[in-house]
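Q: I should like to learn how to read the packing of helices in a protein model. Please take me through it one feature at a time.

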Amino acid sequence: MCTLYHVIAALASAIEHLEIGADTDALAAVLALRGRLDARISAAVAAIDSAELYEVDGATSTTAWLADRGGLTRRGAGRTAREARLVARLPRTAAAWLAGTLTSGQVEAMCANLDHDLADLFAHHEAAVLPKLTPLSPADVGAAMHAWRELADDRPPQPDPPQRLHASRLLDGQVATKGTLGGETGELLLTALRIAQTDDVDGEPARTPATRRADALGDICRFFLDHHQTQRGGRHRPHLNLVLDIDQHGDVTHARTTDGGSVDGITAGRLLCDSVLHRVITRGRSAILDYGQATRTIAAPLWNALVVRDRHCRFPGCDRSADWCEGHHVRPWTMGGPTRLPNLALLCSRHHHLLHQPGWHARLLPDSTFEVTDPRRRVRSTVVPLATGPPGNSAQSLRLAS
């Protein structure tokens with residue numbers, strides 16, 4: 001007699017001996033089977049939830065049971081329990097999922113647009129709507145379900161759930177972010193990230209899409225801090241507060257934020273190219289012996305002259321406008337490089353950071369040609385851009401040029 005546990009044992013044995021390899025058709029078939037297994041699991045979760053059998057194991061909810069016994073994340077457990085409750089109210093959807101007519105991604109997109117009341121309403125529309133959903137991608141199913149919900153839901157509009165964005169510093173000094181944004185804010189973010197992303201230039205290390213987005217987010221934040229309105233005159237740049245330990249040769253030996261977060265030496269060196277500095281002489285960690293006056297590494301008039309000359313990022317192949325750029329000391333400031341126009345070049349944040357990486361070098365020739373040498377010792381150069389239009393920074397630069 002074949003029992004449930006015999007079937008589970010056979011499934012475990014089949015998985016043990018399954019070797020998919022680099023076979024796309026086989027992988028697609030296995031993924032389809034996994035979708036049908038997802039449907040079986042969802043039905044079981046709904047049954048356990050309805051009978052409150054999670055209490056047998058001392059759990060307080062189906063979500064808690066799935067997180068404990070199922071090894072799911074709390075978020076994944078909550079989504080699984082919610083999805084199971086909704087699909088249990090939709091017999092045609094459940095049957096199509098079990099048969100493999102609907103994929104798990106399509107079902108997830110459907111449930112994302114349903115709640116308890118709308119699920120009962122959708123159950124009356126399943127026969128007409130499901131045939132139109134099955135050929136669609138999960139993203140298109142989500143859009144179609146959203147349109148259905150807008151037409152079918154005659155309840156008073158409900159306020160959107162509050163947006164959430166968590167940002168916390170990790171033990172290694174990095175920052176982890178996670179959140180959920182509303183439709184409008186989400187679209188603003190996606191649009192800004194798309195516009196702010198830059199292409200890789202020949203010779204640069206290749207970046208993943210996730211790295212491109214992270215770099216773009218840094219540029220967006222930096223752009224806001226550089227350009228938001230303040231009560232100060234001149235070129236005010238809100239900045240990170242860093243504490244730097246500098247040895248007798250002028251090299252940064254350690255860098256940290258004022259709240260204790262570590263900053264790597266490459267980032268600290270890049271920030272020193274264009275920053276406001278205070279000299280603080282201490283005995284040990286706490287006894288302050290002297291506090292010097294602030295010195296601006298690149299003052300506003302010098303910055304404007306740099307923009308008039310360079311107009312955009314000087315890295316070969318990059319034309320990021322001056323609004324997105326920083327001043328780079330070709331000969332590092334910590335090595336005695338002067339803060340004068342013949343030692344400065346405009347670089348976007350991406351390429352400024354790159355030139356502070358090991359193996360990258362740059363020279364600014366007397367005619368202002370900018371030469372870059374990559375780790376493979378290939379040399380590329382850019383000449384001073386021709387003045388074919390107004391520089392991309394400000395009217396102040398135009399007045400200076402005239």
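Q: What covers the buried residues of α6?
A: Contact means heavy atoms within 4.5 Å. Buried means under 20% relative accessible area, exposed over 50%, and partly exposed in between, with a 1.4 Å probe and protein chains only. In this predicted model, the cover of the buried residues of α6 includes α2, α4, α5, α7 and α8 (138–152). Helix α6 is mostly covered, with 6 of its 8 residues buried: Ser104, Gln106, Val107, Ala109, Met110 and Cys111.

Q: At what angle do the axes of α4 and α6 cross?
A: Axes are lines fitted to C-alpha atoms, for helices over the stretch in contact, and angles run from 0 to 180 degrees between N-to-C directions. Here the axes of α4 and α6 cross at roughly 85° and come within 10 Å. Angles under 35 degrees count as roughly parallel, over 145 as roughly antiparallel, 65 to 115 as roughly perpendicular and the rest as oblique. Helix α4 is therefore roughly perpendicular to α6. Arg79, Arg82, Glu83, Leu86 and Val87 of α4 meet Val107, Glu108 and Cys111 of α6.

Q: Which residues of α4 are buried, and against what do they pack?
A: The buried residues are Gly76, Ala77, Thr80, Ala81, Glu83, Ala84, Leu86 and Val87. They pack against α2 (24–51), α3 (62–69), α5 (91–99), α6 (104–111) and α7 (116–133).

Q: How far apart are the end C-alpha atoms of helix α4?
A: The expected span of a helix is 1.5 Å times one less than its number of residues. For the 14 residues of α4 (residues 74–87) this gives 20 Å, and the end C-alpha atoms are 20 Å apart, so the two agree.

Q: How do α2 and α5 pack?
A: Their angle is about 140° and their axes are 7 Å apart. That makes α2 oblique to α5. Gly35, Arg36, Asp38, Ala39, Arg40 and Ser42 of α2 make the contact with Trp97, Leu98 and Ala99 of α5.

Notes:
Residues are numbered from 1 along each chain as its sequence is written. This is a predicted model: local features need pLDDT of at least 70, side-chain atom pairs count only at pLDDT 80 or more; totals for chains, interfaces and linings use all residues. Side-chain values use heavy atoms; hydrogens and water are left out. Helices (H or I, at least four residues) and strands (E, at least two) are DSSP runs, numbered from the N terminus.
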